[in-house]
Amino acid sequence: MFERFTRSAEDVVKGALDHADRAGSRRVESAHLLRALLDGEGSRGAFVLAALGVPERRASLERALDLSRRRAGLSGADSRALAELGIDVEAVVSRVEDVHGEGALADRPRPRSLFGPRRPFGKEAKDVLTRSLRIVTARGERRIGDEHLLLALTTQPGAVAEALADHGVTHASVERILYGEGEDRGQAKAG
């Protein structure tokens, strides 16, 4: 699959590895892919994010990602569902952090290896990569760009897609910017 990646998609994957390393995460997760997308410049994905006004709201988006990480990856929808069952996620997080320290539910760092840090991709991040390939195949395109990674992030249930949607980045809004309003797949591909 990686041989089909454009330079911008390769940059996102490398950037995600860097973000995971800086965060001390055991694995590269979909949030790391999003953070790397936010770092992009001059690519189709960066154009879409700029057109949706994300650079101006980046700090807010990153706070939402940080909050989800602090809650062990739970989305707001997950927290609301648990609240309906009488479980206050914030109270649980606070109690765990009181005993074990701030960020105790976040991904814990893995021990250093003799061969340097090796961060595998977590299930969600692998799913994003797979979804991006499916998006490209369905559109009849050949190469996977960072815009396809962004589209894949918007379709994956969970905290990252929720944070994106809360900031106006949905599958529909990304497709509208990339492929035009009202065009069906056949017209967009042929045009």
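I take helices as DSSP runs of H or I with at least four residues, and strands as runs of E with at least two, numbered from the N terminus.

I note the source here: this is a predicted model, with local features needing pLDDT of at least 70 and side-chain atom pairs counting only at pLDDT 80 or more, while totals for chains, interfaces and linings use all residues. Numbering runs from 1 along each chain as its sequence is written, and side-chain values use heavy atoms, with hydrogens and water left out.

Contact means heavy atoms within 4.5 Å.

**Helix α2.** I found α2 mostly covered as well, with nine of its 10 residues buried. The buried residues are Ser 30, Ala 31, His 32, Leu 33, Leu 34, Arg 35, Ala 36, Leu 37 and Leu 38.

**α3 against α10.** I looked up how these helices cross. Their axes come within 10 Å and cross at roughly 115 degrees. The axes are lines fitted to C-alpha atoms over the stretch in contact, and angles run from 0 to 180 degrees between N-to-C directions. From α3, the contact uses Arg 44, Phe 47, Val 48 and Ala 51; from α10, Val 174, Ile 177 and Leu 178. I sorted these residues into six nonpolar, no polar and one charged. Nonpolar covers Ala, Val, Leu, Ile, Met, Phe, Trp, Tyr, Cys and Pro; charged covers Asp, Glu, Lys and Arg; the others, Gly among them, are polar.

**Cavity.** I found one cavity of 30 Å³ or more. On a 1 Å grid over the protein atoms alone, a cavity is a set of points where a 1.4 Å probe fits but cannot get out, and lining residues have an atom within 4 Å of a point. The lining is Ser 30, Glu 124, Gln 156, Pro 157, Gly 158, Ala 159, Val 160 and Ala 161. Helix α9 (159–166) gives the largest share, three residues. I class the lining as four nonpolar, three polar and one charged.

**Whole chain.** I count 11 helices and zero strands. Of the 191 residues, 41% are buried.

Note on methods:
On a 1 Å grid over the protein atoms alone, a cavity is a set of points where a 1.4 Å probe fits but cannot get out, and a pocket is an open set with protein on both sides within 12 Å along at least five of seven lines; lining residues have an atom within 4 Å of a point. Grid points are joined across faces, edges and corners, and a volume is the space filled by probe spheres set on the points. Buried means under 20% relative accessible area, exposed over 50%, partly exposed in between (1.4 Å probe, protein chains only).
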